[in-house]
Amino acid sequence: METTDRFRAAVEKRDLTALEDLFTEDVRFYSPVKFTPFEGRPMVLGLFGVLLRTFEDFRYIGRFDGTAETSTDGGETPSEILLFRAAVAGREVHGIDLLQYDESGRIKEFTVMVRPQSALQALSEAVLAGLVADGLVPDPA
C-alpha cells in the first residue's frame, strides 16, 4: 500500500512532518506498555516525535500485508505489519508495527509490539521521559 511506503520512508528519514497526512484525525495508537490507546493525530504525532528521538539504529526488516479486525469498531480493514529492529539505551529491540487503514488509505489504528522485556522497560522509561519533557503527559512524580 502506498501509505505504508510513505510511512516507512518518513520513519526511516525521521521526518515527522511527512507523517502528518498519513493518520486519520481520530487515529488510535496502541502502545506495548499502556492499556488505553493514545488518541488523536496531535497526540500520536507528538508520540512519534519522542519515538523518533528515542530509537537508535532503527530499521525495518520485513513486511506482511492482509486484513485484520480493528479494535475501534471490530470491522475488518486492510492492514500491514512492518517488522523492525532498533536499540534503546543500549538494548536491542525487536518489534512489529501493525498499521490498519480506513477506506481512504489513512492509518486509523497503529499497534506496536516489542520484545524482549528488558528492551520494553528501557523503551517505556525513555518514552515516558520524552512525553513529560514535551508536555504531552503530566509528570507522574
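Predicted model: local features only at pLDDT ≥ 70, side-chain atom pairs only at ≥ 80, totals over all residues.
Residues are numbered from 1 along each chain as its sequence is written, and side-chain values use heavy atoms, with hydrogens and water left out.

Let me begin with the overall dimensions. For 141 residues, a compact globule would have a radius of gyration near 14 Å, and the chain, at 14 Å, agrees with that; the radius is taken over C-alpha atoms, and the globule rule is 2.2 Å times the number of residues to the power 0.38. Along its principal axes, the C-alpha trace spans about 40 × 30 × 25 Å. Of the 141 residues, 45% count as buried, where buried means under 20% relative accessible area, exposed means over 50%, and partly exposed lies in between, with a 1.4 Å probe and protein chains only.

Now to individual residues, starting with Phe48, which sits in helix α3, residues 41-54. Is Phe48 buried or exposed? Its relative accessibility is 5%, so Phe48 counts as buried. Leaving aside neighbours within four places in sequence, Phe48 is in contact (heavy atoms within 4.5 Å) with Phe7, Val11, Leu16, Leu19, Phe23, Phe29 and Phe110. The C-alpha atoms of Phe48 and Arg14, which are 34 residues apart along the chain, are separated by 9.3 Å.

Glu80 belongs to strand β4, residues 76-88, and counts as buried because its relative accessibility is 3%. Which side chain makes a polar contact with that of Glu80? It is the side chain of Arg63, at 2.8 Å; a polar contact is a pair of N or O atoms within 3.5 Å, of which, within protein, one must be able to donate a hydrogen and the other to accept it, and residues adjacent in sequence count only if both atoms are side-chain atoms.

Finally, Pro140 lies in the segment after α4 (117-133) and, at 62% relative accessibility, counts as exposed. Beyond its neighbours within four places in sequence, Pro140 is in contact with Leu128 and Val132.

Terms used. Helix = DSSP H or I, 4+ residues; strand = E, 2+ residues; numbered from the N terminus.
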